[in-house]
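Please consider the structure shown here. The dialogue that follows treats a ligand shell, a helix and a loop residue in turn.

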Amino acid sequence: MTTYDGVVIGAGHNGLTLAAYLARAGLKIAVVERNPRIGGGTSTDEPTLPGYRFNLHSNFFMGFRHSPLLRDLELHRYGFSYIEPLVQQGAAFRDGTCVVIHKDLDKTCASLARFSRRDADTFRELHYLYSVGMRPLFTSLGFNAPLPIDQLKDRLSGSQAKEFLSHAQHDLFSVVRKHFDDDRIRTLFTSYMHVITTESVPGSGIVFPLIFANVMEFTLPVGGAQTFPLALQRLLEAHGGAVVTDADVQEIVVKNGRASAVRLANGETIEGTRFVASAIDAPTTMRIAGEELFPEEVRQKLNGWHWGNHSLVTLHLALKEAPVYRCQDFDPDIAQAYNMFFGMDDIHQVESCFEDCAQQKFPAVLMGNGACNSAVDPTYAPAGGHSAFWWPFAPYAINGDATEWDRNKAHYTERVLSVWREYAANLGDDNVRAKFLFTPLDVERLNRNMVKGAVRMGAYVPSQLGINRPHPLLSGTRTPIEGLYLCGSSTGNGGGINGQPGYIAANTIADDLKLDRPWTRVPPPEWRQVAIARLTRCQRVSSAASRPARPRPRGAAGRAVPPRRRARSRTRAAAAQTPRSPHDVHSRVSRVRPQPHRAPAVARRRRPRWWRCALAR
Ligand SMILES: Cc1cc2nc3c(=O)[nH]c(=O)nc-3n(C[C@H](O)[C@H](O)[C@H](O)COP(=O)(O)OP(=O)(O)OC[C@H]3O[C@@H](n4cnc5c(N)ncnc54)[C@H](O)[C@@H]3O)c2cc1C
């Protein structure tokens with residue numbers, strides 16, 4: 001028997017995150033992984049031709065630069081880096097039009113304004129509110145154990161918090177309708193909302209602000225998604241820990257009510273003297289620890305865990321040239337877009353795709369997103385080649401049978417490719433060097449905890465979100481078994497590449513074991529005041545391209561108020577609303593309140609002293 005301070009089951013990014021944090025806190029940790037390679041949902045492979053690299057699961061790391069992991073774990077020192085492309089997203093439509101979302105807000109609004117000026121203004125307003133103003137709140141919501149709804153409401157007050165919570169009344173379609181008017185823009189954002197594979201049921205609209213906050217924050221890991229777990233592994237090993245692969249955990253050993261070890265399929269036992277943590281799905285964890293040790297209500301819920309109605313089927317292509325989209329004539333910037341959406345032309349088609357998935361039919365409307373990673377990071381393909389993928393939504397089983405994917409793989413490959421060809425002009429046989437279809441059944445085969453191809457280790461529905469993930473009695477990552485913790489995606493705020501369950505569990509264990517933390521913990525969520533004045537229609541700042549000619553507001557005497565005076569009075573009004581307590585973290589937020597575009601202010605800035613000296617000479 002090998003002995004460590006702690007044993008973590010599963011070397012996906014969450015298990016490794018937990019291990020890395022606690023190794024830095026001085027514990028000796030082993031991470032045990034059933035596959036021959038680490039990474040789980042962050043794996044990179046070459047399934048077509050040598051040198052053409054594909055991320056088989058996660059590709060888009062969203063909002064990553066706000067993650068405490070990068071700072072706390074200094075992952076750049078262990079080989080991890082990422083690119084945040086300047087053109088973030090593109091949505092192509094069959095009529096040759098397209099929407100482009102840039103890192104640059106003005107350019108994004110100009111693209112949206114071609115369809116609806118009002119939607120462009122709304123986008124700008126939501127961007128300031130969610131991506132900038134509420135970002136600290138969202139970070140603390142993500143990196144702290146979910147709170148019961150009444151406690152959460154106590155911590156959030158003011159009109160913006162109310163507006164944020166009001167999204168809980170919506171499903172995914174109605175939440176997008178609430179904000180946007182134009183059919184194509186609605187179509188784009190409804191598909192975008194599904195990208196994190198949320199189910200459209202009443203209540204799921206609550207994810208809108210959190211997802212919207214990242215719409216301009218998509219990143220690509222340099223060299224492949226696998227560089228992320230590899231960096232965590234290096235950090236762990238540098239701190240005396242170990243990763244054991246080909247180690248299938250069959251049992252969590254519980255002695256005298258305390259989790260003390262894991263037993264592998266080969267009979268070996270690895271002991272964790274201080275804790276055992278599970279980064280695999282909660283239902284399996286319960287079963288291998290002993291169902292009888294969990295309360296009846298937890299057993300019932302986990303045995304009926306909803307894995308989700310849709311998964312993804314990915315077509316990976318090894319190409320000579322990157323795909324060229326027909327809608328480039330409408331907006332040439334789409335040629336640089338990182339995350340490309342297509343397949344759906346209106347909201348009804350989006351609806352029909354998810355209905356087909358729920359009924360286990362191969363969707364009549366194939367729609368989804370994809371990317372040509374080698375166009376962003378050349379390490380994804382050899383010189384003179386490109387690697388591109390598209391992952392439309394699809395059910396796990398077709399007509400109730402998941403093995404249908406294996407039986408008719410060639411047929412489904414052609415069906416996916418034929419839709420892609422409708423949008424990309426150059427995907428003829430002469431450009432395609434090799435194809436590889438990765439089906440929902442393959443998702444489960446490669447990653448056993450993605451049961452039924454469950455992209456998030458459990459559907460995002462209100463009964464499985466927040467405090468309910470996986471159950472209020474387990475949501476803080478502790479379990480009824482002493483020394484056993486959950487840290488996988490079916491826990492806490494898990495699902496997607498964010499490391500949140502791993503981070504939360506690391507903090508819980510550090511509390512329980514009274515460890516010194518060599519990191520600063522993300523503060524608990526709090527939103528106490530109106531920190532950002534919600535822009536009214538007349539305060540909205542439109543890009544030069546999209547700004548409608550507006551009459552100037554009139555002062556008391558009916559004279560036009562000069563723009564500088566208007567800006568000053570707005571600043572004063574906002575300052576009057578904003579308490580300045582140094583103890584209130586969110587008073588800082590007020591300083592990022594959106595200001596009208598004042599390009600000349602840069603020119604007016606005082607020159608540095610050396611500059612003036614240089615002039616005098
Ligand atoms: C096709 C697809 C595309 C996706 N795209 C994105 C994306 O673009 N962006 C994004 O953020 N997310 C995406 N996701 C979701 C993301 O991949 C997952 O949410 C994430 O990888 C889960 O991480 P994890 O560490 O919690 O679990 P995992 O990565 O699943 O790790 C769990 C590990 O435990 C191992 N394991 C299981 N059982 C045992 C056992 N009994 N003993 C030992 N080890 C075991 C598994 O082999 C695995 O390595 C995608 C998922 C899929 C399927």
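Q: Into how many nonpolar, polar and charged residues does the shell around the ligand divide?
A: By convention, Ala, Val, Leu, Ile, Met, Phe, Trp, Tyr, Cys and Pro count as nonpolar, Asp, Glu, Lys and Arg as charged, and the others, Gly among them, as polar. Here the shell holds 14 nonpolar, 20 polar and five charged residues. This is a predicted model, in which local features need pLDDT of at least 70 and side-chain atom pairs count only at pLDDT 80 or more, while totals for chains, interfaces and linings use all residues. Residues are numbered from 1 along each chain as its sequence is written.

Q: Which residues come nearest to the ligand?
A: A residue is near a molecule if its C-beta atom, placed from the backbone, lies within 6 Å of it. Of the 39 residues around the ligand, the nearest are Gly10, Gly12, Gly40, Gly41 and Gly496.

Q: Why does Ser157 count as partly exposed?
A: Ser157 has 14 C-beta neighbours inside 10 Å, and therefore falls in that class. Ser157 lies in the loop between helix H6 (149-155) and helix H7 (159-166). In space, 5.0 Å separates Ser157 from Arg528, C-alpha to C-alpha, although they are 371 residues apart in sequence.

Methods:
Helix = DSSP H or I, 4+ residues; strand = E, 2+ residues; numbered from the N terminus. Buried ≥ 20, exposed ≤ 12 C-beta atoms within 10 Å, placed from the backbone.
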